[in-house]
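Here are my notes on this one, written for someone opening it for the first time. Have the structure up while you read.

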Amino acid sequence: QVQLVESGGGLVQAGGSLRLSCAASGNIFRSNTMGWYRRAPGKQRELVASVHSGGATNYAESLKGRFTISKDNTTNTMYLQMNSLKPEDTAVYYCHIFNWGGVSSSDYWGQGTQVTVSS
């Protein structure tokens, strides 16, 4: 089992910044991908950004330049720095981890943290 605890959400005005954190603990594989997803009201969940244990990152094309994902491998804590926030960034943001282990692969989700951007 892996536990994911998100923090850092809240209410911010358009143009502002927030930093989300996700602390992972438990059975974390050496090879893993952690990521942030979001679900806006009335929309499907979408990938925001991800980071592999080897360091490679991936971003939703529309968010490049405003959002930055990072990870502290010593504490298994992942961060999402969100700048120049827009009302359309309002969503519940979820932390996710995929443990790469062939037939033993597994994935887990956090509870989510609400981000609300006011205009």
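**Notes for a first look**

1. Let's start at H96, which sits in strand β9; strands here are DSSP runs (E, at least two residues; helices are H or I, at least four), numbered from the N terminus. Bear in mind that this is a predicted model, where local features need pLDDT of at least 70 and side-chain atom pairs count only at pLDDT 80 or more, while totals for chains, interfaces and linings use all residues. Residues are numbered from 1 along each chain as its sequence is written, and side-chain values use heavy atoms, with hydrogens and water left out.

2. Is H96 buried or exposed? With a relative accessible area of 9%, H96 is buried (under 20% relative accessible area; exposed is over 50%, partly exposed in between, with a 1.4 Å probe and protein chains only). Its side chain makes a polar contact of 2.8 Å with that of D107. A polar contact is a pair of N or O atoms within 3.5 Å; within protein, one must be able to donate a hydrogen and the other to accept it, and residues adjacent in sequence count only if both atoms are side-chain atoms. Leaving out residues up to four places away in sequence, H96 touches L4, T33, M34, G35, Y37, D107, Y108 and W109 (contact means heavy atoms within 4.5 Å).

3. C22 in strand β3 is linked to C95 in strand β9, 73 residues apart, with an S to S distance of 1.9 Å. The count by this rule is 1 disulfide. The torsion about the S-S bond is about -75°, so the disulfide is left-handed. C22 is buried at 0% relative accessibility, and C95 is buried with 0% as well.

4. Now the core. The largest nonpolar core has 30 residues, and L4, M34, W36, L80, M82 and Y93 are those with the most contacts inside it. Such a core is a set of buried Ala, Val, Leu, Ile, Met, Phe, Trp, Tyr and Cys residues joined through side-chain atoms within 4.5 Å. Elements giving two or more residues to it include β1 (2–7), β4 (32–39) and β9 (91–99).

5. Next, look for the open sheet of 4 strands, in the order β1-β3-β8-β7 with antiparallel pairing (two strands pair if DSSP finds at least two bridges between them). β1 and β7 stand at the edges with a single partner strand each, so one side of each has no neighbour in the sheet. Antiparallel β7 and β8 are joined by 6 bridges, and T68 stands opposite Q81 in β8.

6. The bridge partner of T33 is H52 in β5. β5 and β6 form a hairpin with 4 residues between them, where G55 in the turn has a positive phi of about 115°.

7. Finally, S53 lies in the loop between β5 and β6 (57–59). Its side chain reaches the backbone oxygen of R30 at 3.1 Å. Residues that S53 touches, not counting those up to four places away in sequence, are R30, S31, N32, K71 and N73.

Notes
A disulfide is a pair of cysteine sulfur atoms within 2.5 Å.
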